[in-house]
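Subject: Structure handover

Hello,

I am passing this structure on to you. Please open it first, then read the notes below.

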Amino acid sequence: MVLSVEGLTIEAGGRRPILGDVSLTVGRGEIVGLVGESGSGKSTLARSVLRLLPRHSTVSGRVLVAGDDVLTMEPGALRDLRATQVSMIYQDPRSSLNPVRRIGDFLTERMVFTLGRPKAEARARALELLAAVGLREPERHMRQYPHELSGGMLQRVVIAAALAADPALLLADEATSALDVTTQAETLALLRRVQAERELGMLFITHDLHLAAAFCDRVHVLYAGTLVESRPAKELFEDPRHPYTAGLLACTPELDDPRPIRPIPGRPPSLDDAFTGCPFAPRCPHATGACEEWRPRPVTVPGGSAACRLVEV
Amino acid sequence: MAVRKLAGLVATLLATSFVIFGASYAAPGDPVTFLAGGKENLTPEYLAAIRAQYHLDDPFLVQYARWLGDAVTGDLGRSMQYNDQVFDLMLARLPSTLGLVAYASVLFVVFGVALGVLAAVRGGRADSAVVAGTTLATSVPSFVTAAVLISLFGVQLGWFPVMGGGSLWHLTLPAVTLALGALAIISRVTRQAMVEQRELDHVTVARASGLAERLIVTRHVLRGALGPIVTMCGLVTAGMLAGTVVVETAFSLNGIGSLLVKAINTHDFPVTQAVMLFMVAAYIVVTTLVELLQPLIDPRVRRRA
Amino acid sequence: MTTVVSTLSPGPARPLGYWLAGAFLGLVVAAALLAPVVAPYEPDAVDFAATLAPMSPGHPLGADQSGRDLLSRVMYGARTSLIGPLLLLAIASVLGVALGTLAAWHRGWVDTVVARLTDVMYAFPGLLFVVLIVAVFGNGMTTAVIALGLAYTPTIARYTRSVALGECAKPYIDAYRVQGMGGFTICVRHLVPNMARSIVGYLVVLFGEGLMSLATLSFLGFGAQPPSSDWGLMVKEGQPAIVQGAFLPVLVPGAAIALVVVSFNVIGVRLADRMGVRGA
């Protein structure tokens, strides 16, 4: 396994943990989706893989990358892991780059300072990478500043930087959400291509369940910091077992889909909402009184698990 | 943009020089008497000299134009107190004043930025200490600082000479005095700018790419904070020339600042005008230069231009 | 996205320092008011037998070159040193609030003229504008206070303008206008009173600076004149004694200035927070 998260719980002073007992794995050459609304904890999970934890938080559980626990490793080993094994792609490419430094500096910086490569070699490699992510004038882009490039081009630059150290795991945190639709498609195709070429493991984080179902091999659905459903993409999409998953699918309109649009009532829970039973119960159309007391646990369903009392029955 | 800035520079220079020139007309009584520094100085020859120097027989605006023309070409008139050309008086005192300003600038830039970085990076107690120290430093007027430094290091400990000037050693206490308030301002600006920069996403991105913390601070946080830091350093340096008025007086240094104070206390208006004109012009020029420097620090400004 | 911003409260804002500063200022004001009753000597009582006397029961803070009691002088000096800044801020706030309100109310060319005027004044670094006025109208406390009042006018005008612009955008102003109330009445009766809170907060922040500026002018010989016991002037007069090894004549008034300014800054920052003073 490239990534293996085991029972990860992160608390940061709210009335409930940001993440509660989350476990998931990403294998080599596999794209795993992580879907949730804003506030569900999906970005916190991605960041915890690089040990970028919220301030003043307490963490339990393990995050294993290639067998080593990220949460307990020495600072030197952590820097090494960040530099060589795991790369992250962020939602907003414009804020991911230092606005006062050139694109070339952004790309070569990590190669020179973290991998210790000579400058000339780093430069050559950067040009190679820019070409590999489909930018036509790598020489010119190297000299440009972030504000001179479009969002789509910048996201390619960020992807190029992510590939610089030949990582084994790619974390894509809403990597295409801030882009417009055509650029989004191009970026997705690029991600898929580099992932397949290099047999990368990828954790693909998005709020868009349809996108995740189409793009990923397996999908985990996160709600209020807990996994509510974990199944292969195709099965999850065709036969959602958790009411929340079903709700997410039902609230996006689709052509040729006879199902009516039904928004999920209520609002996503905040960190100050504590739950005694199933966190989704207040918004669930099928909830009964017993759901308020039932502590969610994964129940085996075809292909994976769903944390719902109604599935268990 | 540069052209607009330069036009603004010229306009401000004209406006301020007009105020400095026109001030003599605002004085109560006859301008000739005022320019002569009092009735007792009014001998017929002296009166004629003043009339010629200020072209008092011309219309007001012509007087101003001729005065400004003379000033630009280095003819700042004669001082009746020193019985010498004002230009020569200033030239003789300029090196000592500029030396003091340069010395103080080096001090406040180096220590101000260092303290600001320390406060921002270390946080906790170091931060509180720097904040408390800068609050204190901005609350003590420089002439009090001067008195304390002279008492302590000059007289009590005897480490530094108390009077006179010339050597770097002589200039140390005055430079420290002049730098102290500036140092407080710069360390605060540095700290604030770095704290703001540190929260930006691209810094987290750099950290996530495995860059060592030291490199993150220098290459990203400090680099990003450079804009406000350089601007503030420039502005403070520009204003420092005016600060020498107090510091040179407190340390009895013979420079432009103390020349101004003596000129005012002896009603020597040509000298007063000339020193004011010089200080204000230097201030305006330096602040404009700082603005013109911005695009070099932040490439985004270049694009907007 | 779950980015948890930790609730970093800046501590209990050090109420201890706040109370200490308040208590000290109260003491200074009391000393200034009660100086004739409490002070052990007349401020200008010369006694050459006590020249440069050290601290003693007779002279608790020592005496200066002429043997004048420093404690008494510093107490009497608190009067000029506190009233001076008060007056200059009164001048500056009357003019500044008027100009700032005018600029914000009329916008257009009035605003431009006010902006240009303040630009020209800001082009004079430090106290140079004040020094120019003193050079023209002669040394003395009155000139210094009026000149500083003028010099602080643009600062208050700019601040008032920004507050007034925010206030003018609120619907109640429009409501008065619709009722047919004149612009002047609205400004004087409603706009200015509603801004008073944040303007007063800002004035407290400026007080310490004003006191420093005025003391500096006195130190340069432009402000208070002998035999006044203004603190700035006391430092100036005490300076020659330093080389004789007598530090009290400068340290006593110097410490008085520094402590009062620090106290005002400590209180000012807190008041500014509370009264919603912007950008202070």
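Buried residues make up 46% of the 313 residues in chain A. Keep in mind that this is a predicted model.

Chain A first. Twelve helices and twelve strands make up its list of elements. Its radius of gyration is 20 Å, close to the 20 Å that the globule rule gives for 313 residues, so chain A is as compact as a globular protein of that length. The C-alpha trace of chain A spans about 65 × 50 × 30 Å along its principal axes. Now take the contacts in chain A with a separation of 6 or more: 64% of them come from residues 24 or more positions apart.

Next, where chains C and B meet. Here 36 residues of chain C are in contact with 39 residues of chain B. On the chain C side, five helices each supply at least two residues: α3 (108-122), α4 (128-137), α7 (183-220), α8 (231-242) and α9 (248-275). Which of them gives the most? It is α9(C), with eight residues. What is this side of chain C made of? It divides into 27 nonpolar residues, eight polar and one charged.

Last, a helix in chain B. Helix α4 of chain B covers residues 60-72, which is 13 residues. At 1.5 Å a residue it should span 18 Å. The end C-alpha atoms of α4(B) are 18 Å apart, so the two values agree. After α4(B) comes G74(B), with a positive phi, near 95°.

Best wishes

Methods. Residues are numbered from 1 along each chain as its sequence is written. Chains are lettered from A and ligands numbered from 1 in the order in which they are written. This is a predicted model: local features need pLDDT of at least 70, side-chain atom pairs count only at pLDDT 80 or more; totals for chains, interfaces and linings use all residues. Helices (H or I, at least four residues) and strands (E, at least two) are DSSP runs, numbered from the N terminus. The expected span of a helix is 1.5 Å times one less than its number of residues. The radius of gyration is taken over C-alpha atoms; the globule rule is 2.2 Å times the number of residues to the power 0.38. A residue is buried if 20 or more other C-beta atoms lie within 10 Å of its own, exposed if 12 or fewer, and partly exposed in between; C-beta atoms are placed from the backbone. Two residues are in contact if their C-beta atoms, placed from the backbone, lie within 7 Å. Ala, Val, Leu, Ile, Met, Phe, Trp, Tyr, Cys and Pro count as nonpolar, Asp, Glu, Lys and Arg as charged, and the others, Gly among them, as polar.
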